[in-house]
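Me: Hey, I've got a new structure to look at and could use a hand. Can you walk me through it?

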2 protein chains.
Amino acid sequence: MSRGFPQAEYEGRLARAQARMADEGLGALLLTTEPEVRYFTGYLTRFWESPSRPWFLIVPSSGRPIAVIPSIGAALMASTWIEDIRTWAAPDPEDDGVSLLADALREVGGPVGVPSHLETHLRMPLADFARVQRLAGLEFTDDRRIVADLRAIKSEAEIAKIADSCGIAARAFARMGEISGPGVPLAQVFRDFQRLLLEEGADWVPYLAGGAGPEGYADVISPATEVPLAVGDILMLDTGAVRDGYFCDYDRNFAIGRASEGQQAAHARLIEATQAGLEAARAGVRADEVWQAMAAIVGGGEGAGRLGHGLGMQLTEGLSLTAKDRTVLQPGMVITLEPGVETAPGRIMVHEENIVITEGAPRVLSPLSGPDLPVI
Amino acid sequence: MSRGFPQAEYEGRLARAQARMADEGLGALLLTTEPEVRYFTGYLTRFWESPSRPWFLIVPSSGRPIAVIPSIGAALMASTWIEDIRTWAAPDPEDDGVSLLADALREVGGPVGVPSHLETHLRMPLADFARVQRLAGLEFTDDRRIVADLRAIKSEAEIAKIADSCGIAARAFARMGEISGPGVPLAQVFRDFQRLLLEEGADWVPYLAGGAGPEGYADVISPATEVPLAVGDILMLDTGAVRDGYFCDYDRNFAIGRASEGQQAAHARLIEATQAGLEAARAGVRADEVWQAMAAIVGGGEGAGRLGHGLGMQLTEGLSLTAKDRTVLQPGMVITLEPGVETAPGRIMVHEENIVITEGAPRVLSPLSGPDLPVI
């Protein structure tokens with residue numbers, strides 16, 4: 001699949017943002033994080049891993065975005081559709097882009113909307129943000145959730161990229177027998193699974209988690225230990241592989257050597273809950289209603305926690321399938337269904353699939369698992 | 001090498017922070033980012049890749065840190081030395097840890113120091129930070145750079161972990177001939193080099209960049225393209241591989257098929273500049289003086305940019321070797337020496353090594369390159 005997007009993709013995003021900005025009376029959006037900047041520019045680099053330098057993008061009420069960035073990024077930003085690129089020699093202990101940014105904001109005019117709600121953060125030093133506000137002399141406010149709302153609805157081109165990442169993970173999961181089995185340390189499985197993802201076409205592997213144990217695992221976020229897999233263990237791997245800047249995020253469970261009846265029943269219940277989520281996940285339905293459909297099967301009430309979430313340029317983004325999230329599903333939203341069951345005190349099993357909300361039944365991007373727990 | 005650190009490592013970090021807090025009259029530090037939280041707790045997970053949930057750590061003026069975190073992290077945090085762990089069911093659209101955090105801060109008392117200077121950011125929604133400040137009713141201020149100052153001086157145990165990561169990259173670089181040569185697309189080299197890093201023991205590979213071309217590359221941050229390597233190209237890979245939470249960050253250049261005199265001369269000049277950096281990098285010397293020693297050889301004046309930086313739990317952290325950074329080198333600082341030369345208009349070559357500042361000559365953690373440009 002070709003890299004990046006045609007310019008029309010970015011023109012559409014900008015037009016939709018500017019229409020919302022006009023409605024909300026905003027003169028500019030100020031963006032500082034990787035996915036926010038990339039959404040409007042296509043600027044894709046792993047260099048965000050270096051936190052030393054801030055990066056700024058201004059979305060004006062009309063005209064193309066203005067990039068105010070460290071000079072080290074000038075060549076790459078010039079390869080995008082952005083024309084107005086202003087740079088400084090970062091990091092500068094005296095003025096790390098502050099006056100350059102304030103000048104640009106003054107030109108564009110306020111009020112300046114900054115993403116400020118759930119799941120957002122401002123990726124620049126707090127002290128410098130205060131200085132920018134003083135120097136710009138404009139009103140700063142929140143972004144009225146414009147950026148999050150736009151990003152939540154994926155274009156067909158974005159969905160194709162997420163599907164591509166899901167396919168990479170599917171091919172890697174199909175090769176699990178090559179890298180795991182009784183006696184293999186979990187840390188080795190983690191390393192080898194990342195290798196498989198790369199061999200199958202991932203550009204990089206920002207996320208891999210998992211766990212193993214006879215009655216499931218204690219959580220789904222711990223790093224791997226050197227403890228070897230044993231016959232009777234359940235092994236789970238949960239991956240966020242990236243291709244061209246878009247994530248997949250799903251997991252698979254495997255029984256090592258043999259699957260007990262209890263393990264098979266737990267897995268079948270997870271698949272049943274996933275199916276209930278698939279049936280509930282329709283445009284117009286709320287996130288908490290999909291959560292309810294799945295929670296009714298896995299149990300645990302509100303303690304069941306988050307049973308899925310949005311997905312895209314981030315491993316997790318947008319809505320959460322929880323008891324409290326009233327977000328209404330819309331066509332083009334890509335979400336995960338991620339039910340979990342307690343298998344013993346302090347031990348769980350979790351299953352996850354990736355789907356797209358449509359006008360009808362959801363489209364499944366990950367190869368939907370059946371109830372049988374695969375044995376390795 | 002064993003994972004993690006003995007508890008004494010964290011006790012020492014905490015004692016040093018609390019001594020500085022007493023000097024500065026701070027009642028608490030409020031920390032929100034991965035390396036800040038891990039520095040005082042040992043809490044290590046890739047789950048930070050999910051930006052949906054905020055995480056908070058309070059360092060009080062006496063006693064152990066208090067974790068105020070999403071319940072999904074409770075099991076893992078309980079495996080660290082932290083005892084006071086308060087959780088909520090995140091993400092919660094109504095109160096995403098805000099009141100829990102404000103309560104904890106009120107118990108501890110202010111003023112509350114928040115990292116606010118160069119290279120820092122606050123990893124929580126701006127609107128929620130404003131609510132926390134109102135609810136806590138305490139004075140919020142900056143952290144007086146306490147956290148950055150402490151983190152800049154690595155313990156021997158930390159240095160050993162960085163050395164371990166450097167060794168992994170060294171073994172991968174030694175295998176470059178297996179994965180690169182004329183006709184191999186650069187994107188394939190990137191994928192395969194990440195695979196080699198995993199095979200050689202990396203837990204994960206958060207950063208890989210590089211470039212290729214007959215006269216060097218346009219920048220050091222662009223993603224790879226499918227353009228195949230050609231005889232006469234210079235190939236550079238720059239990696240940040242992680243083992244047990246600590247980075248290496250160095251690069252290597254290779255000539256594909258043959259090295260021209262001009263390429264060899266450019267590489268030799270980079271090594272000469274590195275040697276000049278090594279000779280200048282002594283405790284008591286300023287960062288800008290080390291920069292000057294290297295810039296005198298690679299030229300370019302202030303346009304030479306940043307010629308190195310601190311390294312540790314982040315790919316880049318702490319001081320910068322620039323014309324403006326007056327940071328004084330101290331024993332225990334781990335930094336990179338990263339000179340670059342312009343080889344043609346808009347084309348560069350960059351070399352990088354990792355070193356530790358000591359009471360005498362620096363200790364080199366990456367296997368120091370000689371002047372000869374390796375040919376593949």
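What follows is a quick chat about the strands and helices.

Me: What kind of model is it?
Reply: It's a predicted model.

Me: OK, chain B then. In what order do the six strands of the open sheet come?
Reply: The order is S4-S3-S2-S1-S5-S6, and the pairing is mixed.

Me: And which are the edge strands?
Reply: Those are S4 (84–88) and S6 (140–142) of chain B, each of which pairs on one side only. From one strand to the next, the twist averages 25°.

Me: What packs on that sheet?
Reply: Helix H1 of chain B, residues 7–24, does, and it touches S1 (28–31) and S2 (56–60) of chain B. The direction of H1(B) makes about 65° with that of S2(B). Helix H2(B), residues 34–41, lies across S1 and S2 of chain B, at about 50° to S2(B).

Me: Back to S6(B). Is its pairing with S5(B) parallel or antiparallel?
Reply: Parallel, over three bridges; S5(B) is residues 112–114. Gly113(B) has Thr141(B) in S6(B) as its bridge partner.

Me: Switching to chain A: which residues does the Creatinase N-terminal annotation cover?
Reply: The UniProt record, an unreviewed entry, puts that domain at residues 13–153 of chain A. That stretch of chain A is 38% helix and 18% strand, and its end C-alpha atoms sit 11 Å apart.

Me: How many residues of S7(A) are buried?
Reply: Nine of the ten, so to speak mostly covered; S7(A) spans 204–213. S7(A) pairs with S8(A), residues 234–243, in the antiparallel sense over eight bridges. In that pair, Ala212(A) stands opposite Leu235(A) of S8(A).

Technical notes: Residues numbered from 1 in each chain as written. Chains lettered and ligands numbered in written order. Predicted model: local features only at pLDDT ≥ 70, side-chain atom pairs only at ≥ 80, totals over all residues. Heavy atoms only, no water. Pairing = 2+ DSSP bridges. Helix = DSSP H or I, 4+ residues; strand = E, 2+ residues; numbered from the N terminus. Axes fitted to C-alpha atoms, helices over the stretch in contact; angles between N-to-C directions. Contact = heavy atoms within 4.5 Å. UniProt positions renumbered as here; feature names shortened; annotations may be inferred. Buried < 20%, exposed > 50% of the residue type's maximum accessible area, 1.4 Å probe, protein only.
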